[in-house]
Amino acid sequence: MTTQLRIRGHRPSLSRRLGWVVLGVFALSMIVPFAWTLSTSLQARESLLRIPPELIPQDPGFDSYRRLTEVMPFGRIVLNSVVVAVVITSLQVLTSAMAGYGLARFEFRGRQAMFMLYLGTLMVPFQVTVVPLFIGMSRIGWVNTLQALIVPSIASAFGVFLFRQYFMQMPMEMEEAAAIDGAGPWRTFWRIAFPFARPAAATHGLLAFMAAWNAYLWPLFIARDEQAMTLPVGLAALHGRFQTDWNVVMAGSVVAVLPVIVVFIAIQKHISEGLLLGGGK
Amino acid sequence: MKWLGSSKRWWVVFLAPSFLLLLVFTVLPIGVAGVLSFFEWDLLTDPEFVGIANFVEISRDERFLDALGHTLTFIVGYVPVVTVVGLVLAVFLKRASRAAGALRVVFFMPVVSAWVAVALIWKWMLNSRFGIVNWMLGLIGIEGPAWLFERGWAMVAVIMASVWKDAGFVMLLFVAGLQAVSPEYIEAAVVDGANAWQAFWKVTFPLLTPTVFLVLIILLINSFQVFEQVWILTEAGPVDSTTVVVEQIVRNAFTFGRMGYAAAMSWVLFAVIFVVTVAQNRLQKRWVHYA
């Protein structure tokens, strides 16, 4: 009996300590690839072929980043990515917030059916729509244009779902007060409901930005020319052309990855709140 | 929902932009894909109606069946590992302390990164001669394989990279689930003489099963759609040993210009995902406990 109690007393602290070691190893394995990417991008091509590898570059420089702009219109590609991601994100948040509000606050025939249709499309993998979308876009001559990247991604069933849930659980007193003061639905939404839904907007904004910035499958179909290319497609093309110039490829990866991580760290305080609200109920 | 009583029609204004775009760019293409799957069409000549020939061909297409098999292999390797890693991370990082928060951010960094970049980073790390992975293995006396060029190891590499990228996402879902488990239950178990290990399996885990269910649903739906990591990291090789379903869809549409066949494949993929999701829903009664 006593030995059993002792084991009970000791086991948690031991497994706990072991757990922290495992956690430390995991954390390192998360950071090392990013560090190695950054380090590679700052090295000259010759030093990549050294064993042991130079974890901390001995003679760091920005040559690889300069090469990026020489071998492809890299500025244009970054600009495309920024325009596409920013426009998709803002339009997605606006249309989803409006639609979510419409489903949460108005009663009309077919409301439930409409909501079910939104949910239903969430189950269909994007790959199903990609071939017809591509055919449609080539018919109207939108291949290799930014609008072909933007327009099909504006409506977001997930965003509508998120905002609907958020508005459903938001108290209505403020909106009622505004209505009594004579504000119509349009003003009530923009002045009161939407500002109060900021956590939902932050959550969905980040998810939408991430998805748009990182998208590969649809851009691979529709935007392979440099004039409409976004970063992931450009990066893959870069790798295709410069198989062994890993310093240049890693420089491109840094440019592709860094902005999203910065955006994420900047607004992660707001999103964890939003995610919990959306996921808990 | 009554305060808008006098302005009922406004729902049209709020819903129109989103709903019309959804109809044109999602619902319509899904329908078109269904119709298209009964045609053979290379976009150059007129589409030709072929009945169910595409589906018959899919059922005998060895490349597609291989791809489906590899997709399942990927799922069997990836889903359990990423679930366990995500759960372990969540158990340790669920607390509200600043250190835990910072670590959560670290583990989430791969989640927000583009798959193309992540795949390229891993491709360089797994380089058999100059990559950092084999160098580190060398430090402990192991000669690493030529990861991406050896049958068997290529799929391991795809799974490793995927677990690395998604563990933080799974962690986040479990953190939300764990924070909803009331600490009183666990305290009660500890008072009754359970150790931390027992308390976790007997009390916390059963209360967490709804989250486990959610995680498995999301992971399975996503992993049937595995694509970028294969397309970039292994380029489906060596000798097609890591070709997957979505990669076959892209190849048939792009390389072979077979739009109808690719559309039919995408519907088969949807059907598989649908059946698996419904089956999971049915089975949940057996193991998911709702408090």
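Of the 291 residues of chain B, 41% count as buried; a residue is buried if 20 or more other C-beta atoms lie within 10 Å of its own, exposed if 12 or fewer, and partly exposed in between, with C-beta atoms placed from the backbone. Please keep in mind that this is a predicted model, where local features need pLDDT of at least 70, side-chain atom pairs count only at pLDDT 80 or more, and totals for chains, interfaces and linings use all residues. Residues are numbered from 1 along each chain as its sequence is written, while chains are lettered from A and ligands numbered from 1 in the order in which they are written.

**Chain B**
- Chain B has 12 helices and two strands, taken as DSSP runs (H or I, at least four residues, for helices; E, at least two, for strands) and numbered from the N terminus.
- Along the sequence, the order in chain B is α-β-β-α-α-α-α-α-α-α-α-α-α-α.
- The C-alpha trace of chain B spans about 75 × 75 × 35 Å along its principal axes.

**Where the chains meet**
- Chain A brings 78 residues to the contact and chain B brings 67 residues; two residues are in contact if their C-beta atoms, placed from the backbone, lie within 7 Å.
- On the side of chain A that touches chain B, 55 residues are nonpolar, 17 polar and six charged.
- Here Ala, Val, Leu, Ile, Met, Phe, Trp, Tyr, Cys and Pro count as nonpolar, Asp, Glu, Lys and Arg as charged, and the others, Gly among them, as polar.

**Domains of chain A**
- Chain A is divided into domain 1 (2-49) and domain 2 (72-280), with bounds from an automatic or database domain assignment.
- Seven residues of domain 1 of chain A are in contact with seven residues of domain 2 of chain A.
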